[in-house]
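Q: Here is a structure to go through term by term. Please set each value against its cut-off before drawing a conclusion.

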Number of protein chains: 2
Amino acid sequence: MNEASPVLRKSAATRQRVLDAAARIFRERGYAATTLGDIAEAAGLRTASLYYHFESKEELVEEVLRIGTTLVSDAVRRAVEDLPAEADFRTRLTVAIATHLDALLRLTDYTSADIRIIGHVPPEVRAKVWPLREAYGEFWQELLRSGRANGAIRAGADLGLLRVLILGTLNYASEWYKPGLKPVGAIAAEATAMVLDGILAPSAMHRQPA
Amino acid sequence: MNEASPVLRKSAATRQRVLDAAARIFRERGYAATTLGDIAEAAGLRTASLYYHFESKEELVEEVLRIGTTLVSDAVRRAVEDLPAEADFRTRLTVAIATHLDALLRLTDYTSADIRIIGHVPPEVRAKVWPLREAYGEFWQELLRSGRANGAIRAGADLGLLRVLILGTLNYASEWYKPGLKPVGAIAAEATAMVLDGILAPSAMHRQPA
DNA sequence: GTCTATATTACGATAGAC
DNA sequence: GTCTATCGTAATATAGAC
C-alpha cells in the first residue's frame with residue numbers, strides 16, 4: 001500500500017520530471033553551465049522545491065549519470081546475452097556496437113548526458129559513479145577477450161587499447177550526431193565495418209601512388 | 001622597432017602566460033567551471049589585470065580554441081604534405097593519424113583543451129571558431145576522397161561518416177589518455193591498425209562459436 | 001510538496017589610482 | 001600594465017509559511 005499511496009506516487013512522478021529535465025539540459029549546456037533554476041523551470045516548479053527531491057546539484061547529476069550508464073550497460077548486455085550461444089564474435093560485436101549507439105543516440109537524454117558531462121562533473125561525483133562505468137568497461141573487455149580466444153582478433157592487439165578506441169569511436173558520436181541527418185542504423189553499420197574490417201578495400205592493392 | 005620595444009615584449013610575454021594558464025585550466029576543469037580568478041592566479045596576476053590583455057572570458061577562450069585547432073591542423077597538413085609524392089594512401093593515413101594524436105596528446109594543452117571544451121563554450125564562441133575546424137575537416141575529407149579515387153577505400157563507404165568516426169576515435173583519446181601509461185606512438189599504431197584493417201585476424205575463419 | 005523570501009557566496013566586469 | 005576597490009548579477013542553498 002505504501003508504494004502506491006497517492007502522495008508517494010506524486011512525489012515519484014515529480015522526481016522523474018526533474019530528472020528528465022536535468023538530463024536534457026545537462027546534455028545541452030554541460031554541467032557547470034546548467035543552473036538549478038533552468039531545471040526547475042523545465043520541470044514546472046521553483047528552484048527551492050528541487051531540494052525536497054534532491055539534497056544538492058551534485059546528488060542530482062549523480063543520479064542522472066547513474067541512470068545513463070545503467071541504461072546503456074543493461075541494453076548492451078541484454079542484447080548480447082540474447083544471442084544464440086553459437087553466435088560468433090563478429091555477430092556479437094556487431095550487436096554490441098549497434099545497441100550501444102542506439103542507446104546513446106536514440107534512447108534517452110540520460111545516455112548522451114552521461115557521456116557529454118562525465119568529464120566535467122566534480123571529481124567526487126565522478127568517483128561515485130565510476131564503479132558502474134568500470135563494470136561496463138569490463139563487459140567489453142571480456143567480449144574482446146573471448147574474441148581473441150577464438151582467434152577472431154588479431155593476435156598482437158592490445159585489448160585494453162582496443163576497448164577504449166572502440167568505445168571512443170562510438171561515444172564521440174554524441175558530440176556530432178544530429179537526429180534526422182543519418183539513421184542510427186547507418187552509423188552503426190559504418191562503425192561496425194570500420195572496427196571489424198577497416199576502411200580499406202578488401203582485395204585491392206593498397207600501395208598505389210596518390 | 002615597435003615590435004621589439006620592451007613594453008610590447010613584456011605585454012606579449014604576459015599575454016602568453018595568461019593563454020598558457022587558460023589552456024591548461026580550461027582543459028582540466030572545463031569552460032564554465034574555470035574562473036578568471038583561477039587563470040589570473042596561475043599566470044601570477046590579479047583578475048582585473050586580465051582585462052588589459054583580453055576583453056572578456058569569451059574572447060580569451062576563443063583565442064585558446066583558435067590556437068588549439070591551428071596547432072593540430074598545421075602539424076597534420078605539414079606532415080602529410082612532406083611525404084613523397086608517391087606515398088600511398090595507407091602511408092598518408094598512418095602519418096595523419098600519428099600526427100593528429102601526437103598534437104592532441106603530447107604537444108600542448110591548447111589542443112586537448114580545444115577538443116574537451118568546444119562542445120561546452122557559448123554558441124557565439126563556437127560559431128566564431130567553426131570555420132577553422134571546418135577547414136581541417138575538409139582536409140580529412142579530401143584525404144579520404146583521394147583514397148577512394150585510388151581504389152584504396154572500400155567502394156560503398158560513406159566518406160563523411162568515416163571522417164567523423166575516425167576523428168572521433170582519435171579525439172576521444174583526450175578523455176582517457178594519461179601521460180606515462182602508454183606511449184602515444186603505441187596508441188597511434190593500434191588506432192591506425194584498427195581504422196585501416198580492422199581488429200579481426202587477417203586470414204582467420206571468423207565464424208567460430210563463442 | 002511547493003511556495004516566497006532570503007542568506008551567502010562568488011562570479012564577470014568596470015573605475016580609477018599608481 | 002597592474003593594482004585595489006567595488007558594482008551588479010546570479011548562483012546554490014536554507015528557513016519557514018502554506
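Q: What makes E62(A) and K128(A) a salt bridge?
A: Their closest N and O atoms are 3.8 Å apart. A salt bridge is a side-chain nitrogen of Lys or Arg within 4 Å of a carboxyl oxygen of Asp or Glu, so the pair of E62(A) and K128(A) qualifies. The model is a predicted one, in which local features need pLDDT of at least 70, side-chain atom pairs count only at pLDDT 80 or more, and totals for chains, interfaces and linings use all residues. Side-chain values use heavy atoms, without hydrogens and water, residues are numbered from 1 along each chain as its sequence is written, and chains are lettered from A and ligands numbered from 1 in the order in which they are written.

Q: Which parts of chain A does the pair of E62(A) and K128(A) tie together?
A: E62(A) lies in helix 4 and K128(A) in helix 7 (residues 123-149) of chain A, so the pair ties together parts that are 66 residues apart in sequence. Helices (H or I, at least four residues) are DSSP runs, numbered from the N terminus.

Q: What links E62(A), R66(A) and K128(A)?
A: A network of salt bridges links these three residues. The side chains of R66(A) and E62(A) meet at 2.7 Å, N to O, in a salt bridge. R66(A) and E62(A) are four residues apart in helix 4 (residues 57-81) of chain A, and therefore separated by about one helical turn. R66(A) has a relative accessible area of 29% and is therefore partly exposed.

Q: What makes R29(A) and D38(A) a salt bridge?
A: The closest N and O atoms of R29(A) and D38(A) are 2.9 Å apart, so the pair meets the cut-off. At 39% relative accessible area, R29(A) is partly exposed. Over all chains, a search of the whole structure finds 28 salt bridges.

Q: How many salt bridges are counted between chain A and chain B?
A: The count is four. In one between these chains, K182(A) pairs with D158(B), the closest N and O atoms being 2.6 Å apart.

Q: What makes the relation between chain A and chain B that of a two-fold axis?
A: A rotation of 180 degrees with 0.0 Å of shift along its axis superposes chain A on chain B (RMSD 0.0 Å). That is the relation of a two-fold axis. The copies are superposed by least squares on the C-alpha atoms of residues with pLDDT of at least 70 in both.

Q: How do you know that the copies meet through the same surface?
A: Of the interface residues of chain A, 100% are also interface residues in chain B, so the copies meet through the same surface.

Q: Why is T192(A) called buried?
A: T192(A), found in helix 10 of chain A, has 9% relative accessibility and therefore counts as buried. The side chain of T192(A) reaches the backbone oxygen of A188(A) at 2.7 Å.

Q: What makes the approach of D114(B) and R133(B) a polar contact?
A: Their side chains are joined at 2.8 Å. A polar contact is a pair of N or O atoms within 3.5 Å; within protein, one must be able to donate a hydrogen and the other to accept it, and residues adjacent in sequence count only if both atoms are side-chain atoms. D114(B) lies in helix 6 (residues 109-117) of chain B and has a relative accessible area of 3%, so D114(B) is buried.

Methods:
Buried means under 20% relative accessible area, exposed over 50%, partly exposed in between (1.4 Å probe, protein chains only). Helices (H or I, at least four residues) and strands (E, at least two) are DSSP runs, numbered from the N terminus. Contact means heavy atoms within 4.5 Å.
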